[in-house]
Amino acid sequence: MASVKQHFSGKTAIISGGSKGIGKAVALEFVKAGGSVCIIARNKNDLKTASDEISNARIIDSQSVTTISCDTTDMKKLKPLIEAHIKKSGVPDYLMNFVGYAQPRYIQDYTIEDFKKNMETNYYGQLVPIIIVLPHFIKRRSGHIVTCSSLLGYLGMIGYATYCPTKFAICGLTEALRSELAPQGIRFSVLYPPDTQTPGFDNENRTKPAEVMIMSETGGLLDPGEVAQKLIKGIMQNKFYIHPGQSRLLWAIVRHAPNLAHKIMDGEFKKAKQRLSKKK
């Protein structure tokens with residue numbers, strides 16, 4: 001198999017959600033391998049900081065690191081910006097999407113607006129860039145699209161009633177697109193990261209129900225770089241499902257023994273409640 005540099009050298013990628021967390025880590029790995037990236041995020045200061053860091057990882061001067069400041073849920077604003085980038089730099093080899101957030105709470109503490117906002121960001125925030133770039137991939141009959149789901153994209157959990165449906169939706173979207181577009185030479189991958197030490201994860205911890213905090217203790221915590229390296233390796237191997245850390249084991253249990261998966265989660269929830277009751 002070709003080395004990472006042999007595989008990605010001279011390649012280009014548009015990476016949404018590329019200023020922080022997993023998205024930034026992937027952009028770094030891509031550039032370290034000799035590729036060029038255009039990262040998309042809303043915050044201009046975060047983009048500047050990320051761009052500087054990623055640029056420093058270039059191995060040759062001809063690599064480019066560019067940015068687009070935009071909300072990826074906004075089709076009207078984002079489309080002309082991406083089209084302008086493509087006109088200048090060409091159709092990318094990859095589109096990778098890492099936009100998303102979670103705000104875990106008990107179900108009774110959510111409003112309907114919380115559900116709508118989570119779906120808008122986590123689902124449409126990844127769908128919109130796909131809709132914009134896909135016609136170019138179809139015309140060229142090649143391209144690779146990466147979406148970011150979650151361990152909770154196939155296994156529901158207390159506290160994540162607004163988040164889980166969005167990540168399940170990402171899986172369904174990518175499955176449908178793969179089925180339709182594989183004959184046209186367009187490839188897809190879905191990333192299923194478990195808990196990862198990102199700014200988004202820190203924000204999650206501010207609202208997590210106490211039981212969820214306890215349940216998360218046993219799951220481990222990955223570094224964004226570990227997740228990025230797993231993704232890059234999976235792309236090289238043309239994998240559709242990419243599972244960093246323990247997500248592979250849980251995915252296998254859910255697929256082959258769903259009742260066992262529920263039993264495990266229910267048991268962890270019960271133990272967490274028991275620990276909390278002892279503290280009172």
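Q: Which helix is Lys76 found in?
A: Lys76 sits in helix H4, residues 75-89. Keep in mind that this is a predicted model.

Q: Is Lys76 buried or exposed?
A: Exposed: Lys76 has a relative accessible area of 77%. The cut-off for exposed is over 50%, so Lys76 qualifies.

Q: What separates the C-alpha atoms of Lys76 and Val128?
A: A distance of 9.9 Å. Along the chain, Lys76 and Val128 are 52 residues apart.

Q: On to H5. What should helix H5 span, and what does the model give?
A: Helix H5 covers residues 112-140, which is 29 residues. At 1.5 Å a residue it should span 42 Å. The end C-alpha atoms of H5 are 41 Å apart, which agrees.

Q: Where does H5 bend?
A: At Tyr124, by about 40 degrees.

Q: And what comes just after H5?
A: Arg141, with a positive phi of about 65 degrees. Arg141 lies in the loop between H5 and strand E5 (143-148). It is partly exposed, at 47% relative accessible area.

Q: Why flag a positive phi?
A: Because most residues other than glycine have a negative phi. Arg141 is a residue other than glycine, and its phi is positive.

Q: What about Asn238, what is its phi?
A: About 55 degrees, positive, although Asn238 is not a glycine. Asn238 is in the loop between H9 and strand E7 (241-242). Its relative accessible area is 42%, which makes Asn238 partly exposed.

Q: Switching to salt bridges. How many are there?
A: The count comes to 9 salt bridges.

Q: Start with Asp46. Which residue does it form a salt bridge with?
A: Lys20, with the closest N and O atoms 3.2 Å apart. Asp46 lies in helix H3 (residues 44-55), and Lys20 in the loop between strand E1 (12-16) and helix H2 (21-32), so the pair ties together parts that are 26 residues apart in sequence.

Q: How accessible are those two?
A: Both are partly exposed: Asp46 has a relative accessible area of 24%, and Lys20 has 41%.

Q: Next, what is Glu217 bridged to?
A: Arg275, with the closest N and O atoms 3.1 Å apart. Glu217 is in the loop between helix H8 (210-216) and helix H9 (224-236), while Arg275 is in helix H11 (residues 258-279), so the bridge ties together parts 58 residues apart in sequence.

Q: Is Glu217 exposed or buried?
A: Exposed, at 52% relative accessibility.

Q: Glu268 and Lys271, how far apart are they in helix H11?
A: Being 3 residues apart, Glu268 and Lys271 are separated by about one helical turn. Their side chains meet in a salt bridge, 3.0 Å from N to O. Glu268 is partly exposed at 23% relative accessibility, and Lys271 is partly exposed at 47%.

Q: Last topic, cavities. How many of 30 Å³ or more?
A: A search of the whole structure finds 1 cavity. About 50 Å³ of space lies in the largest cavity.

Q: Which residues line the largest cavity?
A: Tyr101, Gln103, Tyr110, Asp114, Lys117, Asn118 and Thr162.

Q: How does that lining split by class?
A: The lining of the largest cavity has 2 nonpolar, 3 polar and 2 charged residues.

Notes:
Residues are numbered from 1 along each chain as its sequence is written. This is a predicted model: local features need pLDDT of at least 70, side-chain atom pairs count only at pLDDT 80 or more; totals for chains, interfaces and linings use all residues. Side-chain values use heavy atoms; hydrogens and water are left out. A salt bridge is a side-chain nitrogen of Lys or Arg within 4 Å of a carboxyl oxygen of Asp or Glu. Helices (H or I, at least four residues) and strands (E, at least two) are DSSP runs, numbered from the N terminus. Buried means under 20% relative accessible area, exposed over 50%, partly exposed in between (1.4 Å probe, protein chains only). On a 1 Å grid over the protein atoms alone, a cavity is a set of points where a 1.4 Å probe fits but cannot get out, and a pocket is an open set with protein on both sides within 12 Å along at least five of seven lines; lining residues have an atom within 4 Å of a point. Grid points are joined across faces, edges and corners, and a volume is the space filled by probe spheres set on the points. Ala, Val, Leu, Ile, Met, Phe, Trp, Tyr, Cys and Pro count as nonpolar, Asp, Glu, Lys and Arg as charged, and the others, Gly among them, as polar. The expected span of a helix is 1.5 Å times one less than its number of residues. The bend at a residue is the angle between axes fitted to the seven residues ending there and the seven starting there.
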